[in-house]
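Q: Hi! Could you walk me through this one?
A: Happy to, let's have a look together.

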Amino acid sequence: MQLFPCPFCGPRDETEFHYGGDAGNVRPDGIDVPTDRWAGYLYLRGNPKGTAREIWVHMICGEFFVMERDTVTHKVLSSAALDGEHAA
Amino acid sequence: MTASRLATGGSAIDRSRPIRFSFDGTIVQGFAGDTIASALLAGDVAVVGRSFKYHRPRGIWGAGVEEPNALVDIGGSRATPNTRATTEPARDGLVAKSVNATPSALADRNAFLDRFARFIPAAFYYKTFMWPDWHRFEPRIRAMAGLGTVDADWTSPGMADQINHHCDVLVVGAGPAGLAAARLAAGAGLTVTLVDDQQSPGGSLGYRAGEIDGKPAAVWVKETIAELAAGGHLILPSTTALGIYDHNLVGLNQRHFDGRPDTLWRVRPRQIVLATGAIERPLPFANNDLPGIMSADAAFAYLRRHAVLVGRRIIVATNNDSAYEVAGALAEASAEVRLVDIRRNGTPAAPANARLIKGRSLASASGKLRVDGVTLDDGTRFDADCVLVSGGWTPTIHLFGQAKGKLAWSDARAAFLPGDPVDGIAVIGAAAGAVSLSEVFAGAGPAFAPLGQTKAPLPRSTGPKATGGILPAWPIPGSKGRIWIDYQNDVTVKDVELAARENFVSVEHLKRYTTLGMATDQGKTSNLPGLALMAGITGRTVPEVGTTTYRPPFTPVPLASFAGARVGELMAPVRRLPLENVHRANGAVFQEYGGWLRPAHYGGYADAERSIADEALRARQSVALFDGSTLGKIEVIGPQAAAFVDFLYYNTMSTLKPGRCRYGFMLSENGVVFDDGVLVRLGEHRFVVSCSSSHVAAVHARLEEWRQDRFGRGAVYIHNATSDMATLTVSGPNSRKLLKALGLGLSLGDADLPHMAIAHGSYAGDEVRITRVSFTGDRSYEISIRADRAEPLWAHLRKAGQAFDAVAIGLEALMILRAEKGFIVIGKDTDGTTLPHDLGVDGPRVKRQTEFVGRRSLFTEEASRDNRMQLVGLAVPQGEAPLPTGAHGIKRIDGRLRSQGFVTSSYQSPTLGRPVALGLIERGATRHGETIDIQHLGKISKATITAPCAFDPAGERLHA
Ligand SMILES: [Zn+2]
């Protein structure tokens, strides 16, 4: 059982979290987005060996955040709240 | 008479408390403090079980968790199969039975199998999978091979407790190393948890000689435990550390012996100290599996703890120094002892009264049901009633291995030791290869160094100094006779040789091919000899062959421990309606729907189908009452709320006027319809998402994700108010009349409250929200009220409804009503490929100019196929029964049957007097009127494709 640091609640058991995908998988808007680009956004994942930047959500407090961890050692390297100010 | 109980001694037993239990139907006597094994030994019971494959007689090997042979099935209320007799306390009235033996271990009727052993070597099963036919062998093999038997009638005495625990230092093992580390850590101000799998602490100090700080070892153990207890530290006897998991979580299984289920502990220590000791290995010689051949260290433990002398004429065979003390102690207890040491030089001095034979090893043992003698490699024969062996020590580094610790081979110890350190874990004592108490204590000091230093002096060993000299004695390829490596799974030297010949030389292949180390003991005594033999056969070193992967659990753990409270109803707890008890009083029959426990129907008739049909019919005739409290009520509030719901929904929602509602879809980013429901606009910046009952959590999570990752926390606020309010639905031609009777203090005129609009009123002083939406096709009102005030409202509706022949309907009737109308249920009438235009809703796809979730996916090649499966109604020829849900529409292409879609919902409509059905059929929307073949379980029937709506297609009843 891994311990993940929720930026809001502190270290918690991994069972309290859901995986939210690769961080930085920016959504391309519009119907003119090329098929490959859209397919990449939907389906293509880096699956890195080593350091991975990922979105996770702490299901207890409901907050999404970015976590960096090592997929080999399972060491958690960092976790940070989303800036939450994307809105214009 | 060979093994016996001595007249005095035995630190573990209480001679004032005799006990009796049964083994294979025979009464065995013992004392409180005996294990099943020690009592059997004291009673001179040599054969305690039969081996897995060959039904060879098996005797007690060890005195602890590593036991490969002495497994028993415990009967009665605490029934447990494959219990190790060496760790199970004997208790009065206990009923134990040997494993894989019929009728008893001594007189097993399958013993003849051993004569056919050469026909059933390693991989015999695998080969019969290929040829000639596994199924011919399977039933008999299953009956004859195996170990204990599960009692199918057994039920757990209760839920196992699961405890989360934190401490600074967790010390695993309360032998000299663990006790010293625990005491020093406590002295340094750290919180300590000390666990040991034995009932009393001390480990080898319980029988091997020792003097610590000038006191007998037993006194030092007592003082140390007393000091830890006085300091408030947690001491858990009879507790096994079963595994180390990610981020140094340690699982413990604690036994109680008082009828309670075991307790599972999840410990998060800051530092783990593994003081887990070492396990003695067997020696390889022909017939080394005979009863009466056992671990020398175990015999020593039985002598001191239980006052059991395991034999009168004893051969002690060894390749290392540790057996000398054992031989001396047995000789002192008046046994005739011959000590046979493989080493010619460098041995300790011969113990008093024991005869030392140097430079010799055992070639074979003889005997039928128990050993009666041995032959040395020079041909010398000795009679013996017991043969004790010590083939060296295997450090117990399973937990270190589980934590991904690398192992390092030590020639000096002829064993793997812990290699590079792992963060947060220290391995000390015999587990780290220490032999003398001085070495052990020196390692205990730095064990918790990352957390602090002790100022107290290390304990001092003031007694005789143990030495660790050893000459490896691995099994030798090509040896004569049958030499056992794995006692429990019947793996011999020849089996390992066979595996090598057939090129299963990798250690992981060796394990699977021969089943070496795969039994319930997980090869604690056999793995290292087995892989050393493979090294010898293939000309490699032991570290080149390597070890198999260490995995939890260290010893078998009851599934009840892992299950804890998650059994029965608590396995997947249902969500419950606020009015559940009221519905029950009304006769409701409950079922689980999408995690909610809801009335399926109200049991008006004994026959459920008739009850449901009656509810559906009367709902159309007058007025129906339905508890819709499970419908989602997720509030979206904030300056960007309108833009937010526009993005989340397929349909444009920002054009909705306050006080009005709109039906729409939510899509996934791949375009597939994820949920449907009504969106209510309460105000300029406030919406209520009324999603499907079973989707509330998922929709809520999805709203949060887009809020946080696209719109920003200040743009919208989301509140799941689903359980705040109960929602009671009133539907049918007389619904408005019934509502009027309630006196909700608002105008129910169609001008003030038209279809797809909301209004606020009050009931008994509480605000109510009336939403005029319909899932039945009839005029309907949903009344939402504080959940805790819903009961009087429901009662009032029932009472006032009597004047209109109102009927309470369950979910089953509602399903009929909505299917008559062609209204879909997402996930039932759609699947993981259904796009919105497949359901006939193409407008937003064509017209919308703004971005929304899933939009781009609606314009792919796949989404634009002209042969997509589309929602249709299906009508059967007059007089026929409803189509089976899931039946396929079929067509013949080039003589072969092919599916062209399937039935998704199908009911007998009591109102129409005929079946109605919905389905997803290829190009269905353009094929209304066409008759197709429907196949179910090989039978073919006809159905005509229609529009989805079979009842009131003009929608007049919404306003009737
Ligand atoms: Zn949190």
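**Confidence, zinc and an arginine**

A: To start with confidence, this is a predicted model, and chain B has an average pLDDT of 95, with 100% of the residues scoring at least 70.

Q: And what ipTM and pTM does the predictor give the complex?
A: The complex gets an ipTM of 0.95 and a pTM of 0.90.

Q: Nice. Which residues coordinate the zinc ion?
A: The donors are A:Cys6 (SG), A:Cys9 (SG), A:His58 (ND1) and A:Cys61 (SG), at 2.0 to 2.3 Å. Along the sequence, the donor residues follow the spacing C-x2-C-x48-H-x2-C.

Q: What's the geometry at the site of the zinc ion?
A: Tetrahedral, with angles of 108 to 112° among the four donor atoms. For reference, the ideal angle for four tetrahedral donors is 109.5 degrees.

Q: Is A:His58 buried or exposed?
A: A:His58 is buried, because its relative accessible area is 0% and the cut-off for buried is under 20%. A:Cys61, at 31% relative accessibility, is partly exposed.

Q: Switching topic: where is B:Arg779?
A: B:Arg779 sits in the chain B loop that joins β44 (766-771) and β45 (780-786).

Q: What does the side chain of B:Arg779 reach?
A: The side chain of B:Arg779 reaches the backbone oxygen of B:His959, at 2.8 Å.

Q: And which residues does B:Arg779 touch?
A: Leaving out residues up to four places away in sequence, B:Arg779 touches several, including B:Asp750, B:Arg772, B:Arg957, B:Leu958, B:His959 and B:Ala960. Also among them are B:Val730, B:Ser731 and B:Gly732.

Terms used. Residues numbered from 1 in each chain as written. Chains lettered and ligands numbered in written order. Predicted model: local features only at pLDDT ≥ 70, side-chain atom pairs only at ≥ 80, totals over all residues. Heavy atoms only, no water. Donors = N, O, S within 2.8 Å, 3.2 Å for Na, K, Ca; no water. Tetrahedral: all angles 85-135°; square planar, octahedral: opposite > 155°, others 65-115°. Buried < 20%, exposed > 50% of the residue type's maximum accessible area, 1.4 Å probe, protein only. Helix = DSSP H or I, 4+ residues; strand = E, 2+ residues; numbered from the N terminus. Polar contact = N/O pair within 3.5 Å; in protein donor to acceptor, adjacent residues only side chain to side chain. Contact = heavy atoms within 4.5 Å. pLDDT = per-residue confidence, 0-100.
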